[in-house]
Amino acid sequence: MEVKKVGAAVLAVGAATLFTGETFAADVTWNVSLWGKRRAFTEHVEKLAEVVSDRTDGKFEIKLHYGGALSKSRENLDGISFGAFEMAQFCASYHADKNPTLTVAELPFLGVPDLETQVKVDRALYAHPAVVADLARWNARLLMSSPMPQYNILGKGDKPTAVSDFDGMRVRALGGIGSAMKTIGAIPTSVTAAEAYQALDSGTVQGIAFAPHAHLSFKTIEAGSWWTDNLNPGTVNCPVVVNTDAYDMLPADFKIALEESVEPAIQHYLETYAKVYDKFYPSLEENSVETVSFSDEELAAFRAVAGEPIWNAWVEEMSAKGLPAQELLVLVQKTISE
């Protein structure tokens, strides 16, 4: 893909290389396009910037821009493609047609038990040649994941104990999770996150599918009476990528600093989310929300009805596009099982 323009920092770096003909020690600044505000979901990028600065004595600065200041969230991959900024975060489901290989990680009922496993899945997936090539079409290099917790359902009224109990239940569930819930008879709705509390409290919906931090943020816990702790119907996959040209223009020591900063950044992210859970579970207890845990047999039934048919359809669709879909699905499943 042709690069239409590059960031100012990239141009400056290129000029330094052109005129000195050797590795330079000039300061480098990268801009990162993010949406919303600083939160658990962006803590690894915050930590990455901090560690990179420390490792380069402040000569490599990564500046974070929130609130869509540089780009709309659904246009971050486009901005990376032509170098409007050097780094960005996006979610695969925002534009599945642009990054089809990544959508394997968003299939329902894959059985990811925790964030640590999700990190391993993402690392294995991001290293696959087909995924690397997929993102290369957008001049993007995958740097690290943003492991989102599995969505679970917090509801009000009669608690579900079997697949059949979701039949006819109105659930706030979007995207692939909504499709999965529909296959078991639930009625997915598109209530916005901001409207979730009122919808559950008033009975407009009987369940809300959120990750734990969102249940806290939007106070749905205060309106609910039960929560599924292990249904784990799925989540979204949101990598952090860098512009390939900007990366290639970095001096070797800056590249090393960037790559070696990923692990502490991810570790900080996991520690941050652990603190979220430290608030989440006591909040369930304070609001007398009962935890619903499904048996292995019931979880297998969920996968059989709402997981495997969707996996098979995905494999068929992506294989028709010339992608190694079955190989990618097996890679994800194998990584989870290990």
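What you have is a predicted model, so to speak for local features a pLDDT of at least 70 is needed, side-chain atom pairs count only at pLDDT 80 or more, and totals for chains, interfaces and linings use all residues. Residues are numbered from 1 along each chain as its sequence is written, and side-chain values use heavy atoms, with hydrogens and water left out.

A few terms come first. On a 1 Å grid over the protein atoms alone, a cavity is a set of points where a 1.4 Å probe fits but cannot get out, while a pocket is an open set with protein on both sides within 12 Å along at least five of seven lines; lining residues have an atom within 4 Å of a point. Points are joined across faces, edges and corners, and a volume is the space filled by probe spheres set on them. For the classes, Ala, Val, Leu, Ile, Met, Phe, Trp, Tyr, Cys and Pro are nonpolar, Asp, Glu, Lys and Arg are charged, and the others, Gly among them, are polar.

| Space | Volume | Lining by class |
|---|---|---|
| Largest pocket | about 1,400 Å³ | 27 nonpolar, 9 polar, 7 charged |
| Second largest pocket | about 210 Å³ | 9 nonpolar, 4 polar, 2 charged |
| Largest cavity | about 40 Å³ | 4 nonpolar, 4 polar, 1 charged |
| Second largest cavity | about 30 Å³ | 5 nonpolar, 4 polar, 1 charged |

Start with the largest pocket, at about 1,400 Å³. It has 43 lining residues, and C91, Y94, M148, Y151 and V236 are the closest to its centre. Helix 6 (175-183), strand 8 (207-210), helix 8 (212-217), helix 11 (262-286) and helix 12 (296-320) each give at least two residues to that lining. Helices (H or I, at least four residues) and strands (E, at least two) are DSSP runs, numbered from the N terminus.

The second largest pocket has 15 lining residues, with P113, D229, N232, Y277 and Y281 nearest its centre.

Around the largest cavity sit A105, E106, L107, L110, V112, Q118, Q150, G234 and T235. The second largest cavity is lined by A105, Q118, D122, S146, P147, M148, T235, V236, N237 and C238.

**The disulfide**

The structure has 1 disulfide (a pair of cysteine sulfur atoms within 2.5 Å). C91 and C238 make it, with their sulfurs 2.0 Å apart. This pair ties together distant parts of the chain, 147 residues apart: C91 is in the loop between strand 3 (87-89) and helix 4, and C238 is in the loop between strand 9 (226-228) and strand 10 (240-243). The link is right-handed, with 95° about the S-S bond.

**Helix 12 against helix 13**

How do these two helices pack? Helix 12 and helix 13 (residues 325-337) meet at an angle of about 140°, with axes 8 Å apart. Axes are lines fitted to C-alpha atoms, for helices over the stretch in contact, and angles run from 0 to 180 degrees between N-to-C directions. That makes helix 12 oblique to helix 13, since under 35 degrees is roughly parallel, over 145 roughly antiparallel, 65 to 115 roughly perpendicular and the rest oblique. W311, W314, V315, M318 and S319 of helix 12 touch A325, Q326, L328, L329 and Q333 of helix 13, where contact means heavy atoms within 4.5 Å. By class, that contact has 7 nonpolar, 3 polar and no charged residues.
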